[in-house]
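Here are some notes to read alongside the structure. Please follow each point on the model as you go.

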Amino acid sequence: MSARAKILVAMLGLLVTPSLLSAQERPLAATPPMGWNSWNKFGCHVSEDLIRQMADAMVKSGMKDAGYQYIVIDDCWQVERDPSGNIVPDPKTFPSGIKALADYVHSRGLKFGIYSDAGVKTCAKRPGSLGHEYQDALKYAAWGVDYLKYDWCNTSTQDAQAAYALIRDALDATGRPIVLSICEWGTAKPWLWGKAVGGNLWRTTGDIGDQWESKDRHQLGMLDILDQQVGIESYAGPGHWNDPDMLEVGNGGMTTEEYRAHFSLWSILAAPLIAGNDLRDMKPEIHDILTNKEVIAVNQDPLGSEGRRVMKDGDLEVWAKQMQDGSRTVVLLNRDTTEKQIGFSWENVGYPDHLSAGVRDLWKGRDLGQFEGKFSATVAPHSVVMVKVAP
Ligand code: GLA
């Protein structure tokens, strides 16, 4: 290519750089959405007071500065429909109404999300949106909703693709940009059609439990969900993400090291980072995990490439993600209960062996030096070492 042609291409590239586009033109969820959702910690115990306090805590704790944006009320904000079919928020728990709450969240510089369901009823048996899709979408837009999590309970013989396409059309018809979070638990393989129907993220599995791995078959653990991400990596990209469910970091069922592993893995998977803990009351070590800038930058890398497992040897695994600047982020995962040495070669992560590369430990925030051909580290039980490899 001639020098002039190169300059032209660079200028065109600049024209479509997301940061130079206006908010209206910028693609929704160009990087994995970051925020907070009420379900994992509070279940049905939601109220406007709780949501306001969480918005305050998001700002005060530094989570907002770290990149978290959406405050999402999950199930149980709604109680019935009025005679005209309008959805009615619970007057006891949301006495000021949803518009006032959304305004409050926006006044804190955050975005506001809400929950509904494609069926007759939600999973907690509140009214679903079936037959009211356009009416609900208009209401959400009037309230100032920026994000909709749309669940799949009580959908009987409905077709998932058609149901999610319908709500997307209804949201689009309002003219307000609203992120669509498809919550269909992976049953009808939404990674195959989620992007085509305009979904911005889609759950790939059943609900996450606050545990390292499943102790029985009723509740998935973090590692069970991780295993189910293998093979669907290429379906994710800017604007449309695989969603291995919300974070359990800080909810008490795992150790700090296990939570660090959970957060590292969700980051390298380019998963939505939706915190699910009580932001008003975070232990310092939990705060440090959720706000680690270098780890979050891996998740938010503009290339939007989902990391994948490149090596598995029993309980020892290596996960790698390609970054926009050509570097790789690598997570060494020790699923075992004793300390282990875990290594990988440059070939494992797509580099020629002779390359000399700088390795930086992201959790320690420390450069480890130049390495050639391979790298290995001692990894604590149920823990990770996360490094960036830059030739
Ligand atoms: C389903 C979803 C959860 C949560 C609950 C609410 O189980 O998968 O994430 O939204 O419903 O009832």
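In what order do the eight strands of the open sheet stand?

1. The order is β9-β8-β7-β6-β5-β2-β1-β10, and the pairing is parallel. Keep in mind that this is a predicted model.

2. The two edges of this sheet are β9 (241–243) and β10 (273–275). Each has a single partner strand, so one side of each is left without a neighbour in the sheet. From one strand to the next, the twist averages 25°.

3. N37 has V72 in β2 as its bridge partner.

4. Helix α5 (residues 98–107) lies across β2 and β5 (111–117). Relative to β5, helix α5 runs at about 140°.

5. Now turn to a pairing of the other sense. Strands β15 (residues 356–361) and β16 (residues 366–372) are antiparallel and share six bridges. S356 stands opposite E372 in β16. The two strands, β15 and β16, form a hairpin with four residues between them. In the turn, G365 has a positive phi of about 65°.

6. Which other strand pairs with β15 in the antiparallel sense over four bridges? It is β18 (residues 383–390). Here D361 has V387 in β18 as its bridge partner.

Notes
Residues numbered from 1 in each chain as written. Predicted model: local features only at pLDDT ≥ 70, side-chain atom pairs only at ≥ 80, totals over all residues. Heavy atoms only, no water. Pairing = 2+ DSSP bridges. Axes fitted to C-alpha atoms, helices over the stretch in contact; angles between N-to-C directions. Contact = heavy atoms within 4.5 Å.
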